[in-house]
Amino acid sequence: MPIARKLLVLPGDGIGSEVIDQVCRVIKIYEEYRAISFDTKNGLVGGVSYDELGTPLSDETLNDALEADAVLLGAVGGVKWDNVERQHRPEAGLLRLRKEMGLFANLRPATCLPALAGSSSLKSELVSGLDLLIVRELTGGVYFGEPRGITDIGGGEKRAIDTQIYTSNEIRRVLHVAMEMARKREKKVHSVEKANVMETGVLWRQIATSVGEGYSDIALEHMYADNCAMQLVRNPKQFDVIVTDNLFGDLLSDCAAMLTGSLGMLPSASLGEEDSFGRRKALYEPVHGSAPDIAGQGKANPIATILSFAMCLRYTFDLDEDAKALEQACADVLDAGLRTADIMQEGKTLVSTEEIGEEVCLAFGKLL
Ligand code: IPM
Ligand code: MN
C-alpha cells in the first residue's frame, strides 16, 4: 500500500491557477512513475477567497493547511482588491497563513541555469553558475509588529506607524536554519541587517555572532543590508547563504531573482519548527506575484512553481533524488530552447504555460 501524503493546493489569484495547474500535472506523472500517491485537496486563499467568503483566509483553509503535510500555493493579490481594507486584502490571508503555521524560515534559492545566463539583466559572466540561498525570517519584524496604523493628528495631518520587533529567539532559530543549510553547501553565511541604524539590527548581529560560535566549520560574515543589495548586483557569486529579516529578505530576494533571468524562475519553501518526529509544517510557493496583467493568457512561467514542488519533495518528503530529477527536467526543457515570454531570447521557441508544463512532465518522466 502506498503511503498517502496530504497536500493542500491553494491556487489563489491571477496567474496562480495557471501555474498550479502545471504542478498538478507534474504530480500526476510523478504518481504514475513512483509508487506514491498524494492525497490532494484544493482550497481558497487570497482575493478569490475574499470574493467568495468575505475573508482572504477562511477557518476551513487554515485548518486544512494545519493538517496537511505540505501546502502548495500559487499567488495572491491583484488590482481588483486594491481598495479593500488591509485586514481583508489578499496579502493579509497569506501573511496570516504564514504566521498561524509558524513558518519562520523562508528559503529562497537563486540559481542561474546556464541556459538563462543571457536573460539576466546583468552580464552573463557575472551570473552564470550563480547558486545562492536567501534565508528570510518570515513571521516577525515589521510585517507583524504592533503598534501599527494611520491616525489623524489634527490640522488635516496624519501619522503612520509600523513597528519592527525581533526577539533573540526569533533571530536565533532562523540563524540556526541558515547555518544548517550552509553546512550542506559552501559553508558561508552572510548575516544581513542595519546594525548601524536599527536596534533590531544590533540585536540581530549579537545573536548571529553567538550562534556562529557554535559552527566553527561555517564562515560567518555580517553585512549591512544596503551594501548587500549593492553586492548582489556587483558580484553575486560571492554569496552562498544570506540570512536576513522579513522586510530585507523580501527586497533582496526580488533582486536576487532577477539575477537568475526572471522572477518566474524562483521557488521558495517556508518551514516551521521541527517537531519531535522531525516533521515541520511547510508551504511551498513561487517568489513571484499574481501578475494580473498577464493572467488567463497562457503567458505565465510555471517553472518557479514547479521548482517549489521540487523543494516540497526535498524538504517535506525527503525525496532528494526525485527533487533533483524534477530540477533537471526543468533545466533540460530550457536547454532544448523552450521559453515562456518572460525568459524569451532570440533564436529560442516561445511556448505557453501549458506547453512548457507538458514538456517538463515528459522530461521528468524520462528521468524517473
Ligand atoms: C513575497 C510577497 C509577499 C511578501 C506579499 C504578497 C505579502 O511579496 O512572498 O515575497 O511581502 O512577503
Ligand atoms: Mn516579495
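**A friendly note on some loops and a hairpin**

1. Let's start with Lys 187, which is partly exposed, its relative accessible area being 34%. Keep in mind as you look around that this is a predicted model. You can find Lys 187 in the loop between α6 (168–183) and β8 (188–193). Its backbone deserves a glance too: the phi of Lys 187 is positive, near 65°, and the residue is not a glycine.

2. Next, turn to Asp 318, another non-glycine residue with a positive phi, here about 60°. Asp 318 sits in the loop that links α10 (303–315) with α11 (320–335). Is Asp 318 buried or exposed? Its relative accessibility is 68%, and exposed means over 50%, so Asp 318 counts as exposed.

3. The peptide bond joining Glu 146 to Pro 147 is cis, with omega about 0°.

4. Strand β6 itself covers residues 149–154. How many of its six residues are buried? The number is zero, so β6 lies largely in the open.

5. Finally, see how β6 finds its partner. Strand β7 (residues 157–161) runs antiparallel to β6, and five bridges join the two. To trace one of these pairings on your screen, pick Ile 150: its bridge partner in β7 is Ala 160. Together β6 and β7 make a hairpin, with two residues between the strands. In that turn, Gly 155 has a positive phi of about 65°.

Terms used. Residues are numbered from 1 along each chain as its sequence is written. Chains are lettered from A and ligands numbered from 1 in the order in which they are written. This is a predicted model: local features need pLDDT of at least 70, side-chain atom pairs count only at pLDDT 80 or more; totals for chains, interfaces and linings use all residues. Side-chain values use heavy atoms; hydrogens and water are left out. Buried means under 20% relative accessible area, exposed over 50%, partly exposed in between (1.4 Å probe, protein chains only). Helices (H or I, at least four residues) and strands (E, at least two) are DSSP runs, numbered from the N terminus. Two strands pair if DSSP finds at least two bridges between them.
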